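The following note sets out several points on the model under review. Please read each point with the structure open alongside.

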Amino acid sequence: MKKTTAIIAGLFLSVCLYSIEVNADELPRLSPDCIENMKNRDLTYNKALMKDIITGLELDIDDRSFIEVTDKGLDAANLIYGGKEIDEYYQSLHQHFIVASRGKPTLFIKPSEAYLLYKQPDNTNVAVHLKLADLKWEVIEKKKKEWNAVNYKLLKCEKEYLKEKQEYSNKD
């Protein structure tokens, strides 16, 4: 009796697992090459945004006198120099990165002076001019100017992925 029950349970379990395997389509995924191409496209896009903002706001920012820093770079620098929870230098800069923007806000910094540049979703270029005062960075000027959109193009592999994902979602 126990053998019969075990065999029936085994057959039932294998039929259930087989039906689950047959009915379960694999989720669409992005290929590693596509992900790498997306990263490269995003870097190029962000550089184009920064160039557009510098030109549109007529800022005197160049690669020789300013160092370009992203939010991840700022976080890494904070960790390298101790990762203190209460670090006014870090916090006074980091708070400016928390904005709605196209691309990534980018900090251009040199000793005692910095500009945080970003493009708002409505294509307004923004430059926040900062100066180091005592233990923190303070805003001394904020420039805004409505400007042109910088095109963000989806890659072919992204379009295909989104189409497959939509089809997969509609199967339910």
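1. T124 belongs to strand β4, which covers residues 124-133; helices (H or I, at least four residues) and strands (E, at least two) are DSSP runs, numbered from the N terminus. The residue is buried, its relative accessible area being 7%. Buried means under 20% relative accessible area, exposed over 50%, and partly exposed in between (1.4 Å probe, protein chains only).

2. The side chain of T124 makes a polar contact of 2.9 Å with that of D122. Such a contact is a pair of N or O atoms within 3.5 Å; within protein, one must be able to donate a hydrogen and the other to accept it, and residues adjacent in sequence count only if both atoms are side-chain atoms. Leaving aside residues up to four places away in sequence, T124 touches Y118, K119, K144, K145 and E146, where contact means heavy atoms within 4.5 Å.

3. The model is predicted: local features need pLDDT of at least 70, side-chain atom pairs count only at pLDDT 80 or more, and totals for chains, interfaces and linings use all residues. Residues are numbered from 1 along each chain as its sequence is written, and side-chain values use heavy atoms, with hydrogens and water left out.

4. How many salt bridges does a search of the whole structure find? The search gives seven, a salt bridge being a side-chain nitrogen of Lys or Arg within 4 Å of a carboxyl oxygen of Asp or Glu. R41, D42 and E158 are linked in a network of these bridges.

5. K104 and D71 form a salt bridge whose closest N and O atoms are 3.9 Å apart. K104 lies in strand β2 (residues 102-110) and D71 in helix α3 (residues 71-80), so the pair ties together parts 33 residues apart in sequence. K104 is partly exposed at 39% relative accessible area, and D71 is partly exposed at 26%.

6. In the salt bridge between K110 and E113, the closest N and O atoms are 3.6 Å apart. K110 is partly exposed, with a relative accessible area of 29%, whereas E113 is buried at 13%.

7. R64 and D62 also form a salt bridge, with 3.8 Å between the closest N and O atoms. R64 is exposed, with a relative accessible area of 77%, while D62 is partly exposed at 24%.

8. Y89 is located in helix α4 (residues 88-94) and is partly exposed, with 38% relative accessibility.
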